[in-house]
Amino acid sequence: MRPATGADIDRLMEIYFSAFRSNGVTPRVFPESSPQTHAFWRGYFTQHVENDRDDVRVVEMASDSDGTKTIIAFAVWKPPRPATEPFPATPPPSVWPSDGDVEAAVEFFGDLERQHMHFMGPAEGAPAGTQQRPHWYLKLIGTHQDFRGKGAAGALLRYGEHQADAQGLQCYLDATPDGQPVYTSAGHGFREVDVRWYLGGAYEHVFMIRDPRPSS
């Protein structure tokens with residue numbers, strides 16, 4: 001595992017589409033053939049890779065034939081922000097590809113932001129000015145379809161979990177139901193805090209929190 005670099009952006013985009021093209025939201029909001037979609041995801045990954053406050057990690061696998069390394073999975077972890085820092089503003093409609101379903105994007109991604117604020121906002125009795133509980137946020141994780149079952153996602157999860165445990169902090173994520181058994185397994189220990197339906201009830205999404213464990 002290593003930090004992602006600017007040279008990895010094209011491969012991160014390939015993995016994103018491989019991992020999420022059958023997801024109920026992605027084909028509707030991000031048409032894969034759309035130049036706007038590719039510009040969106042190029043900007044997304046570039047922003048997070050270049051931001052020193054974010055932690056984008058990749059897992060590589062060496063080829064059996066010549067040892068050439070290929071990125072097979074990535075994770076975008078957001079380390080804890082100061083408790084007084086507000087959550088990011090909800091993106092305006094103009095952010096989303098206009099040849100996709102902008103209304104669905106606003107509904108879905110806007111609500112993800114609201115749920116994040118709801119679950120990780122200040123605890124009861126927090127000092128005035130508190131905006132959030134510091135936590136590790138798994139913003140996005142994906143494994144290329146050709147390399148699933150190799151343990152890459154588990155390694156990327158453990159990376160952030162170990163950082164959070166060392167700091168005594170919670171982890172937060174939202175995910176498709178397909179990933180829920182991995183997150184809630186004994187090895188990772190996330191717990192479901194809500195399930196919500198989007199796109200007229202056609203798409204289910206799960207919200208989860210992991211409490212810190214004693215560092216070994």
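Predicted model: local features only at pLDDT ≥ 70, side-chain atom pairs only at ≥ 80, totals over all residues.
Figure 1. The protein chain is built from six helices and seven strands. Read from the N terminus, these elements follow the order β-α-α-α-β-β-α-β-α-β-α-β-β.

**Figure 2. Overall dimensions of the protein chain.** The radius of gyration of the protein chain is 17 Å, which agrees with the value near 17 Å that a compact globule of 216 residues would have. Along the principal axes, the C-alpha atoms occupy a box of roughly 55 × 45 × 30 Å. Of the 216 residues in the protein chain, 46% are buried.

**Figure 3. The largest nonpolar core.** This core comprises 39 residues, and those with the most contacts inside it are Tyr16, Trp41, Phe45, Phe74, Phe109 and Leu140. At least two residues of the core come from each of helix H1 (9-20), helix H3 (35-50), strand E2 (55-62), strand E3 (69-78), helix H4 (102-120), strand E4 (135-143) and strand E7 (203-210). Helix H1 gives the most, with eight residues. In soluble globular proteins, nonpolar side chains tend to be buried together.

Figure 4. Once neighbours within four places in sequence are set aside, Phe109 is in contact with Val25, Val29, Phe30 and Trp96.

**Figure 5. Surroundings of Val182.** Val182 is placed in helix H6, which spans residues 180-183. Leu157 and His188 are touched by Val182, not counting residues up to four places away in sequence. Between the C-alpha atoms of Val182 and Ala75 the separation is 15 Å, and these two residues are 107 residues apart along the chain.

**Figure 6. Surface and charges of the protein chain.** The protein chain exposes about 10,600 Å², of which carbon and sulfur atoms supply 51%. It carries 20 positive and 28 negative charges, and the mean positions of the two sets are 4 Å apart.

Terms used: Residues numbered from 1 in each chain as written. Heavy atoms only, no water. Core = buried A, V, L, I, M, F, W, Y, C linked by side-chain atoms within 4.5 Å. Buried < 20%, exposed > 50% of the residue type's maximum accessible area, 1.4 Å probe, protein only. Helix = DSSP H or I, 4+ residues; strand = E, 2+ residues; numbered from the N terminus. Contact = heavy atoms within 4.5 Å. Rg over C-alpha atoms; globule rule 2.2 N^0.38 Å. Areas by Shrake-Rupley, 256 points an atom, 1.4 Å probe, with all protein chains shown as cover. Lys, Arg positive; Asp, Glu negative; His and termini not counted. Charge placed at Lys NZ, Arg CZ, Asp CG, Glu CD.
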